[in-house]
Amino acid sequence: MMRSMYSGVAGLKTHQTKMDVIGNNIANVNTTAYKSQSITFSELMYQTTQSASGPSATTGKGGVNARQIGLGVKSGAINTSISSQGATQTTNNPFDIRITGDAFFVVSDGARNFFTRDGSFYVDGGGNLAMTSNGYNVMGWGVDPETGNIRQDNVQPLRIMSPENMTYPPEATTKAYLAGIIDKNDTNVNSTSGMNRNLQFYDSLGYSYTARLNFKATDQEGVFALELGNILDSDNNPLPEAEMNKLQFGEGITIKKETSITLATGYEWDGTTLKKDGNNVDTTDDAALAAAYGLTAADLTKYKIEVPDGADKTKMVSLGEFLKDTNIGTDQKTKITSKEQSAQGFTVNYDPTNGKFIGINGVSTQPTITLGLSAISSGAGTDSRFEDIEIDFSTTTMFNNAGSSTLAATTGDVVNKSIGTGRKLGEMSGVSVQDNGMIYASYDNGQTRLLGQIAVAEFANASGLQKEGDNLYSATLNSGEFDGIGVDVTANGGYLTTGVLEMSNVDLSSEFTEMITTQRGFQANSRIITVSDTLLEELVNLKR
């Protein structure tokens, strides 16, 4: 009777332990990445009242089985369903991360590494990626400063928003290209000032500038003159003349193009005298003389006029020489036709039969020009805040496009558009985590930077991990040790998903069913004690 009573007591204790496990599962039904537990029972022990005996050939008696009386039940094992993943909970928080696969995040309290499936992270005041629940640092790999690639060394805290990561350095432009159509019938191309196309570029400090490229038609089929009009800063102020005089853009070229040059309103030639509104104009003053034709003093040497040079011969003289020559009649100076122009720049050549680009300055092997900005120094030193810009024309064409040219200038290499574009100083505008754990920052200058990679841990026997509370596990002898380095989550087919969390894998229907059987087991064991007590009561009542 006493054995049965103590067996009942053992049954009560064991079923109470099972109820504790069930209660803990149900309590954590909404705990992020919680892994449910289950308990198994085993027999406690047996009292052998008679050992087994074998058959005897001498006596002819058969064998007898052992006689054993059980003494109750005990908890056999408490297992964690660690390999069963919970459902997905969408949070839209970019730092909430779910692991698909058998791996664990590695986190640290500064002294020890722990492991978790809880991917609810945030960026703390020091710029570190950390757990929202306890502030433990998320561990991963840093970036090799020389190669810019991930260096898979011992895991370290991921400081993704350090001061040096908040900005991306500026860079001077070194490459550009033009694309599109230049139409020889475009009125802008055929005008005196030419067709303007702007090229925006950056210096090494990240300041923006605009180079104004002027295209002019010539009287040679398929040949266009390219001049540099000006360079403007971000406030549309031109570079100082001293700096403009230092830069290099091509060489002296001759443009064969007839251009009409006429007197401006209010001006007239009176014999050999130039007058404005009846007043004499000093023709020895180049600026005053050029103004009479709406030109600049530099234009007096730029435009070339054809004049007789002996019998059946002609020669080219500058506009200034033409206007100051007293042997030339004033009627000829009222409306002038320039036959040639001199310029500083390049000629861009196209095949007049198929419209394809030929080359620069007639050289078929030269598809580029150089805007020589590096000659502009930054001040007292010789270093320049600019880089020379190589501009590629190889993708341009000369076709009939209803008198409209579509040429456009863009920074970057003509093949690899991201090379040589230059950029301003970039401010961090966002952070993203890839499915392999690599963390990238994006900047408002269009650049991205690799900040690090989340490392994960995998174990030969993940069920052997020890729960530490706070959704944390620690390694044990039966789980296998963590090597301090970790693995790439994608190495064994796993991946990370951002904006979602792993929910608890507790199955309420299963837990409630287990609760019913546990309740009945507890109830039945309590009856053992009750009946045993009744039997003891009858024994006591034998003596009245």
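**Buried charges, cores and salt bridges**

Q: Which residues does Asp-186 touch, not counting residues up to four places away in sequence?
A: Asp-186 touches Met-195, Gly-403, Ser-404 and Ser-405 on that count. Please note that this is a predicted model.

Q: Which side chain joins that of Asp-186 in a polar contact?
A: The partner is the side chain of Ser-405, at 2.9 Å.

Q: Where is Asp-186 found?
A: Asp-186 sits in the loop that runs between strand S14 (175–181) and strand S15 (195–202). Its C-alpha atom is 9.0 Å from that of Ala-217, which is 31 residues away along the chain.

Q: Does Asp-186 count as buried or exposed, and why?
A: Asp-186 counts as buried because its relative accessibility is 5%, and the cut-off for buried is under 20%.

Q: Turning to Glu-511, which helix does it lie in?
A: Glu-511 belongs to helix H7, residues 508–540.

Q: Which residues in H7 are buried?
A: Glu-511, Thr-518, Gly-521, Asn-525, Ser-526 and Ser-532 are buried in H7. Helix H1 (2–27) is included in what covers the buried residues of H7.

Q: On to the largest nonpolar core: which residues touch the most other members?
A: Ile-231, Ile-391 and Phe-393 do so, in a core of 35 residues. The strands that each supply at least two residues of this core include S14, S15, strand S17 (223–233) and strand S28 (389–397). Strand S16 gives the most, with five residues.

Q: What is Phe-393 in contact with, leaving aside its neighbours within four places in sequence?
A: Phe-393 is in contact with Leu-178, Phe-215, Leu-226, Val-348, Phe-357, Ile-360, Pro-367 and Ile-369. A second, separate core has 26 residues, among them Val-107, Met-131, Ile-454 and Leu-472.

Q: How many salt bridges does a search of the whole structure find?
A: The search finds 13. In one of them, the side chains of Asp-203 and Arg-385 meet at 3.5 Å, N to O. Asp-203 is in the loop between S15 and S16 and Arg-385 in the loop between S27 and S28, so the pair ties together parts 182 residues apart in sequence. Asp-203 counts as buried at 0% relative accessibility, and Arg-385 counts as buried at 16%.

Q: Which side chain does Glu-258 meet in a salt bridge?
A: Glu-258 meets Lys-339, at 2.8 Å, N to O. Glu-258 lies in strand S19 (residues 251–262) and Lys-339 in strand S25, so they tie together parts 81 residues apart in sequence. Glu-258 counts as partly exposed at 45% relative accessibility, and Lys-339 is partly exposed at 30%.

Q: Which residues do salt bridges that share partners join into one network?
A: Lys-35, Arg-117 and Glu-502 are joined in this way.

How values were computed. Residues are numbered from 1 along each chain as its sequence is written. This is a predicted model: local features need pLDDT of at least 70, side-chain atom pairs count only at pLDDT 80 or more; totals for chains, interfaces and linings use all residues. Side-chain values use heavy atoms; hydrogens and water are left out. Helices (H or I, at least four residues) and strands (E, at least two) are DSSP runs, numbered from the N terminus. Buried means under 20% relative accessible area, exposed over 50%, partly exposed in between (1.4 Å probe, protein chains only). Contact means heavy atoms within 4.5 Å. A polar contact is a pair of N or O atoms within 3.5 Å; within protein, one must be able to donate a hydrogen and the other to accept it, and residues adjacent in sequence count only if both atoms are side-chain atoms. A nonpolar core is a set of buried Ala, Val, Leu, Ile, Met, Phe, Trp, Tyr and Cys residues joined through side-chain atoms within 4.5 Å. A salt bridge is a side-chain nitrogen of Lys or Arg within 4 Å of a carboxyl oxygen of Asp or Glu.
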